[in-house]
Amino acid sequence: MTRKLARLAGSLLLSGLGAAQAAVTVLGWPGGPEEAALRAAVKVYNERSDVAANDKVALIFFSRDGFYDKLQADLAAGTKAFDANLIATYSIGRYAPFMKPVDLGVSATDLFGKSVLSTMQYQGKQFGVPTDLSLHFMYFRSDLIDGLLKDKAAHGEYAAIAQKYLGQSLTPKDPNEWTWDDYAATALYFTKAINPKSPTRYGTVLQLKNLLFNMMVFHSLPRAYGADWMDPSGNISVNSEAYKKGLQIYKTLLDAGTTPKDSLSYEYAEANAAFASGEVATMMQWNAAAADLKDPKKSPKVASKTAFTAPPSGPQGRFTHVHGLGLGINARGTNTEGAAKFLRWLATPEAMTTYALAGGAPGLSESAVKAVADKRPDLVPLGTYATRHGFMMNGATSAKALGVYELQAKEFTGYWSGKQSLEKTLEKTAAGMAKLLKP
């Protein structure tokens, strides 16, 4: 056990169980709805009469920063600090040599569907149970958008703002019909510093922290213009007009003040808090945010006014980054069979209903999602959006994929913050990607 995990095993526990009291230790994804949902599910599992004392579960967590590198180092070193651990679609290839495949049973297909189960598969084997399907929604204040669409007198100001900042005169549209330029124009219009009549201070909130997960949020924009990491021949293709367009839209919105000035330090939690404050009109965000933003207790200022749709479109179509988070078995764990029992239970309607109602975002089949649709309507479109708009960049499942995200986060943030030019940003990114993704 590394010293880092040894400390955490003693301090970050679940359901009143100490590490010494539980025979199955699970390393989960820290913070956000995924942690809350996993805690709720484990509580139910540990209270079941058919779960023996030597199969009860305790959870440990560590920081999101550097999570995957820390996990790989521990797995490669043969750690016994945990029996099951987080895996993701983009990291299974890194961890498969240190993990055991798991048999979730035939009923798992009925619960999740083949496409969702495949997000936890590698080289034809099931390496985990898919707990969360992650993609992106375009969130917006329905009251503000409806008001704008009905107020014909405001359309002239909207068009003038779009012309000034984007170089084209645009007319307000329903969010379901937005292009990325329409989104940008709407964000500009609902920024009080630009339009004094705006009821919100900011038109949007961008997640610009130097963090790999923020790149996943960003990628849906350049992808709509044809962006990819590599062309079909394996040549790095990041230095493209598509990436330039995406980077410039973000830069325009940041420089114009449509997003809080400290957005360069923002990720999921900060963006959610900004939108929930009632001072933001639109936001590109993970689907997991919907549960909190539409909860009157958690987001009283916006819950009844928050709506969402798929990300805006571009010349190449409408796209959303998609991946799955799940839990797999550490081959060197001290209780791999107990871990397998827990994962098989997670792949049941009882577990996934608990998980979903506690804020998680499982990708459930059309029949299974009916059990939670009334309280979690945001889970209904997950399958639809993933099928119609989901993508992964060419190379995004390779062993070095996370390194590419980290490289882009560093260089793109440098451009948005004004530390380097667009040309230099893409040159450095392309050079770094060529090293990471070389055959």
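Entry 1. I began with the convention for handedness: a crossing is right-handed if the near helix is turned clockwise from the far one by less than a right angle, and left-handed if anticlockwise. I note that the model is a predicted one.

With that convention I examined helix 2 and helix 15 (residues 349-357), and the crossing is right-handed. Their axes come within 8 Å and cross at roughly 140°. I therefore recorded helix 2 and helix 15 as oblique to each other, because only angles over 145 degrees count as roughly antiparallel. The contact is formed by Glu34, Ala37, Leu38, Ala40, Ala41 and Val44 on helix 2, and by Glu350, Thr354 and Tyr355 on helix 15. Sorted by class, this contact of helix 2 with helix 15 has six nonpolar, one polar and two charged residues.

Entry 2. I turned next to helix 8 (residues 155-166) and helix 9 (residues 180-189), which pack at an angle of about 110° with their axes 9 Å apart. Helix 8 and helix 9 are therefore roughly perpendicular to each other. Helix 8 passes helix 9 in a right-handed crossing. From helix 8 I listed Glu157, Tyr158, Ile161, Ala162, Tyr165 and Leu166 in the contact, and from helix 9 Asp181, Asp182, Ala184, Ala185, Thr186, Leu188 and Tyr189. The residues of the contact of helix 8 with helix 9 comprise nine nonpolar, one polar and three charged.

Is aspartate 181 buried or exposed? I found aspartate 181 buried, because its relative accessible area is 13%, and the cut-off for buried is under 20%. Aspartate 181 lies in helix 9. With residues up to four places away in sequence left out, aspartate 181 touches Leu166, Gln168, Leu170, Tyr225, Lys245 and Ile249.

Entry 3. I then looked up helix 11 (residues 241-255) and helix 17 (residues 401-416), whose axes are 10 Å apart and which pack at an angle of about 50°. That angle makes helix 11 oblique to helix 17. The crossing in which helix 11 passes helix 17 is right-handed. Helix 11 supplies Tyr243, Leu247, Gln248, Tyr250, Lys251 and Leu254 to the contact, while helix 17 supplies Gln408, Phe412, Tyr415 and Trp416. I counted the classes in the contact of helix 11 with helix 17 as seven nonpolar, two polar and one charged.

Entry 4. Which residues have the most contacts inside the largest nonpolar core? They are Tyr68, Phe112, Trp229, Phe342, Leu346 and Trp416, in a core of 149 residues. Helix 17 contributes the largest share of this core, with nine residues.

Apart from residues up to four places away in sequence, phenylalanine 342 touches Val26, Leu38, Val42, Tyr45, Val57 and Leu327. Phe342 is also one of the buried residues of helix 14, together with Thr336, Gly338, Ala339, Ala340, Leu343, Trp345 and Leu346. Eight of the 11 residues of helix 14 (residues 336-346) are buried, so I recorded this helix as largely enclosed by the rest of the structure.

Entry 5. In helix 12 (residues 268-276) I found Tyr268, Ala271, Asn272, Ala274, Phe275 and Ala276 buried. The buried residues of helix 12 pack against helix 2 (32-47), strand 8 (136-141), strand 9 (282-286), helix 13 (289-293) and strand 10 (306-309). Just after helix 12, glycine 278 has a positive phi of about 90°.

Entry 6. Most residues other than glycine have a negative phi. Glutamine 123, although not a glycine, has a positive phi of about 50°. I located glutamine 123 in the loop between strand 5 (121-122) and strand 6 (125-126). Glutamine 123 is exposed, with a relative accessible area of 68%.

Entry 7. Valine 116 is buried, with a relative accessible area of 10%. Leaving aside neighbours within four places in sequence, I found valine 116 in contact with Pro130, Leu133 and Gly363. Valine 116 and proline 130 are 14 residues apart in sequence, and their C-alpha atoms are 7.1 Å apart in space.

How values were computed
Residues are numbered from 1 along each chain as its sequence is written. This is a predicted model: local features need pLDDT of at least 70, side-chain atom pairs count only at pLDDT 80 or more; totals for chains, interfaces and linings use all residues. Side-chain values use heavy atoms; hydrogens and water are left out. Axes are lines fitted to C-alpha atoms, for helices over the stretch in contact, and angles run from 0 to 180 degrees between N-to-C directions. Helices (H or I, at least four residues) and strands (E, at least two) are DSSP runs, numbered from the N terminus. Angles under 35 degrees count as roughly parallel, over 145 as roughly antiparallel, 65 to 115 as roughly perpendicular and the rest as oblique. Contact means heavy atoms within 4.5 Å. Ala, Val, Leu, Ile, Met, Phe, Trp, Tyr, Cys and Pro count as nonpolar, Asp, Glu, Lys and Arg as charged, and the others, Gly among them, as polar. A nonpolar core is a set of buried Ala, Val, Leu, Ile, Met, Phe, Trp, Tyr and Cys residues joined through side-chain atoms within 4.5 Å. Buried means under 20% relative accessible area, exposed over 50%, partly exposed in between (1.4 Å probe, protein chains only).
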